[in-house]
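Have the viewer open as you read.

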Amino acid sequence: MFAYVLRRVLATIPLLMLTLYLVHVGVSATTNPLADFYLCLPKCQQGYDRILEVYNLDVSIWLRPFLWFQDAATGDLGFSSSIGIPVSEVLRVRGWNTAMIAVPSFIFGSIIALLLSVYSARRQYSFGDYFFTGLSFIGFAFPSFVMALLLQNIFGVQFENWFGVKPFNTGRKTGENVLELLRDITLPATSLAILGIAADSRFGRAAMLETLNQDYIRTARAKGLNERRVVWRHALRNALIPIVTLWALSLSALLGGAVVTESIFSWPGLGPAFLKALGEPDLALVLGFVIFTGVITVVFNLIADLLYGILDPRIRFD
Amino acid sequence: MTTLDQSSANALEGLADKPKSFGRLAWERFIHHRLAILGLVGLILIALGFIVGPMINSYPFDKPDVLSRLQGPSREHWFGTDEIGRDLFVRTARGGRYSLAIGLLSAITATAIGTLIGSVAGYFGRAVDALIAQLINLFLVVPALIVLSVFALNFGSNWWRLAIVLAGLLWVRIARVARGVVLSIKEQEYVMAARAAGASHLRIITRHILPNVVGAVTVEITLLLGSVIVLESTLSFLGLGVRPPDTSLGRLVADAKGNIDNDPLRVLTPGLVIVLIVLCVNFLGDGLRDALDPRARSERGSGDD
Amino acid sequence: MTEPVLVVEGLNVGFPSKAGVVQAVSDVSFELHAGEVLAVVGESGSGKSVTALTLMRLHAKSTRISGRAVFEGRDLLTLSDRDMRSVRGNDIAMIFQDPMTALNPVFSVGSQIIEAIRTHRDVSKQAARARAIELLDLVGVPEPRRRVDQFPHEYSGGMRQRAMIAMAIANEPKVLIADEPTTALDVTVQAQVMEVLRDVQEATGSAMLLITHDLGLVAGTADRVQVMYASRLVETGGVDDIFYGSRNPYTRALLDSIPDLVSDTDRLVPIPGNPPSLLSPPSGCPFRPRCSMATDTCAESVPNLTTVGDGHATRCHHADRLVTEGAS
């Protein structure tokens, strides 16, 4: 078992390095922090030179990632020109905020999706099944910004018009205490969660159905097990295998969706910072952010891989 | 012992009709999939609405008419007007045309690249495949929106450039499917038999492999189309996608966002049009999947994704 | 003859579909006695597996069932879910065809046997585990102490089927239903597994319903045989009666189609044609289109199951024409 874990971790590291390398080259190729300086030369020569040095722009684009790696290894991710603090600081503070909406959204969303999948698969063709399947079809068709805007409008202005009060905060983080914090994160987290549930439950339902059609489920029933045990122990355990890998993928989608949702709800997370950095361009922050996402994605895929090994004994032993 | 004549004569009574071809079976399955037909019809109607509607409506999209600003839907202005009096239906239709065009171009490009690379990887196997497979996995794993944000901003200044950028990332979805199909078919006995009989690579590819690839890829294309439309509209909403004079549904939402509290309809209409389009595309994709690969489904109704 | 353990009367099973009702089992009646092996023989689609699954009530909810299946004074077909669950794996156990897919791949073989035990018996985990090891040993799985914690994919095909048998007999069922137990196995392994099955059945004294399409298996194992065709029972009798004195053209044709190592023929003799559609069966006797003895009478009505000897019955209008060679 330990050997399997070790193997997976070792296999991931090159992938991670390659990802980071490609991302760095890609971003460097598409952004030019010197753009603003061309018009003011030769007066702003000093500023020009400074930028040149900070971003190693005199070095070949193919070698720059290594210089970046060198710095990153010591914790130095550069300085964000758009915000004015070190990039690592930005990631830490903003990242925490993003986690505040992303983590609950992911956890609740995944659990609800799982429950819906089991329910739908067990009661196939029932009204409930068609209802939830229909809902998830519709939810799946929503881009994250439409969902966010819809929720913001309904629970914001409209709600206020009808009931005179806004139950949840629709913008700008206020939260000093826990209660206010909950009010703040509810709408953005729900917006993200709904999209996640729509996507996950479609997949989960299919996975459960396929599992329930397997021979070993028939054997379990033939042994005299009650239906609850058959579904929750025998079937789910097998269906979780593909579902867990889906979770790793949906995390990527979640990060993307978070960017949009945060800007709509004026939530001070990584999203708005990233968008601002793109506009400047604040190359250090853009790089830092994209690489941060890359690391998270690869790490989560690794976790999914490991979970896969834990769940499926057939994989463990090859 | 039995006499063969009598029993053979009796047996011939039970002969079935000539079996139907795969294409015909697939077509029949597709026609019966009500949601798919709904989706197809829906898409056609929407596209027609975008193209033909403005001709009927005849208000130009960029002509301000301050006297009729901020009206709700009416007989003259079907979707109402914006804050400087421009007809919203025509603007939405125009945005919709761009959105569809970008989606289609992107899907076609991604399909061309993806099918080629995926098939090559699957067919030639080993080193080539290992390399391409790793690349595909890498591309699949990264958060699409974030990567696209970076590239779209700097490459995609007009609508078709944007489409290419989108295709540049999303081709991997098609490649993955194509590769999977080719890999599984390659191992089938009828391919080995053809090879043993001396068929050339080209013949094997065109006769045996491509027809099967077409089915799976077609299904994936519809899913891809949905994703492209969502991604493009999101990028445009964030200001990273199309730029004036081009527009798209996402951009229209962004334009209207400022006034959302007073005029939510202006914001939500293009947004809901997007949802409608994606919904139709998904229905269509479901029907196609059901028609072309019924084994993949274990139930009626919706499929997986 | 001992008391019948299971009495099935007039069983009909139909599957509603878009095109109509597929009648998989029509008017099947039989008795199963303690300690005997009753083989149910037929082609794919004859209804033999459906009969077994229906008795275990493992059918889909939409299935249309009529008839009775009396076991220990109760009609299995009308039992509540709860009562049926206490019968399954306990009084009546079933072994399925493909052991690779019939065992849950994510749980160890031992835990699945233990589960079978503890569902019906109030014993500790340790006791159940000891019993599981005992059972694995009984069915001939080598190194049972080590194997009990292994996963199904670590077992060979034959071993897996042995494990399935172990799981089925864990609670000493009165009836053992074996649905094509060796079809998915290599030929060399088939004989071994059949031997295990026979030994186990003799040791526990349970009745066995052996479902198969392989007449060779039947000859060596069964006490009585019933032949099914197109959802109906077409002949039933002792194994000798069926093999040497069959009074049914379908059974005869089946027997004739078995390749014979001894006699000097150079052609295999298949049964011409195909089994009829169960959706819209032909009028009269279902075997008529393929029968060499068919006459107009055969097209008019379905023949009844008539007794032609001691414990021997056949469903054929012209059974009297088949009294040539053999007994009865």
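Two residues count as in contact if their C-beta atoms, placed from the backbone, lie within 7 Å. Keep in mind that this is a predicted model.

With that cut-off, take Leu209(C): leaving aside residues up to four places away in sequence, Leu209(C) touches Leu32(C), Leu38(C), Val40(C), Ala52(C), Val175(C) and Ile177(C). Leu209(C) also belongs to the largest nonpolar core, which has 245 residues. The members touching the most others there are Val286(A), Leu148(B), Leu166(B), Ile113(C), Ile165(C), Ala166(C) and Leu209(C). Which helix gives the most to this core? That's helix α9 of chain A (residues 227-264), with 17 residues. Apart from it lies another core, made of 8 residues, including Tyr59(B), Phe79(B), Leu88(B) and Ala93(B).

Now for the sheet in chain C. Eight strands, ordered β6-β7-β8-β3-β9-β10-β12-β11, make up an open sheet with mixed pairing. At the edges sit β6 and β11 (305-309) of chain C, each pairing on one side only. From one strand to the next, the twist averages 20 degrees.

Strands in a sheet pair through backbone hydrogen bonds, parallel or antiparallel. Two of the pairings look like this:

| Strands | Direction | Bridges | Residues facing each other |
|---|---|---|---|
| β6(C) (residues 92-95) and β7(C) (residues 175-179) | parallel | 4 bridges | Ala93(C) and Leu176(C) |
| β9(C) (residues 224-229) and β10(C) (residues 232-238) | antiparallel | 6 bridges | Gln226(C) and Thr236(C) |

Along β6(C), Ile92(C) and Met94(C) point one way while Ala93(C) and Ile95(C) point the other, and all are buried. Helix α1 of chain C (residues 48-55) lies across β3 (37-41), β6, β7, β8 (207-212) and β9 of chain C. Relative to β8(C), helix α1 of chain C runs at about 145 degrees.

Last stop: backbone angles. Most residues other than glycine have a negative phi. Tyr125(A), however, has a phi near 75 degrees, and Glu180(C) has one near 50 degrees. Tyr125(A) is in the loop between α4 (87-122) and α5 (127-140) of chain A, while Glu180(C) is in the loop between β7 and α8 (187-204) of chain C.

Are these two buried or exposed? Tyr125(A) has 12 other C-beta atoms within 10 Å, so Tyr125(A) is exposed. Glu180(C) has 21 within 10 Å, so Glu180(C) is buried.

Methods: Residues are numbered from 1 along each chain as its sequence is written. Chains are lettered from A and ligands numbered from 1 in the order in which they are written. This is a predicted model: local features need pLDDT of at least 70, side-chain atom pairs count only at pLDDT 80 or more; totals for chains, interfaces and linings use all residues. A residue is buried if 20 or more other C-beta atoms lie within 10 Å of its own, exposed if 12 or fewer, and partly exposed in between; C-beta atoms are placed from the backbone. Helices (H or I, at least four residues) and strands (E, at least two) are DSSP runs, numbered from the N terminus. Two strands pair if DSSP finds at least two bridges between them. A nonpolar core is a set of buried Ala, Val, Leu, Ile, Met, Phe, Trp, Tyr and Cys residues joined through C-beta atoms within 7 Å. Axes are lines fitted to C-alpha atoms, for helices over the stretch in contact, and angles run from 0 to 180 degrees between N-to-C directions.
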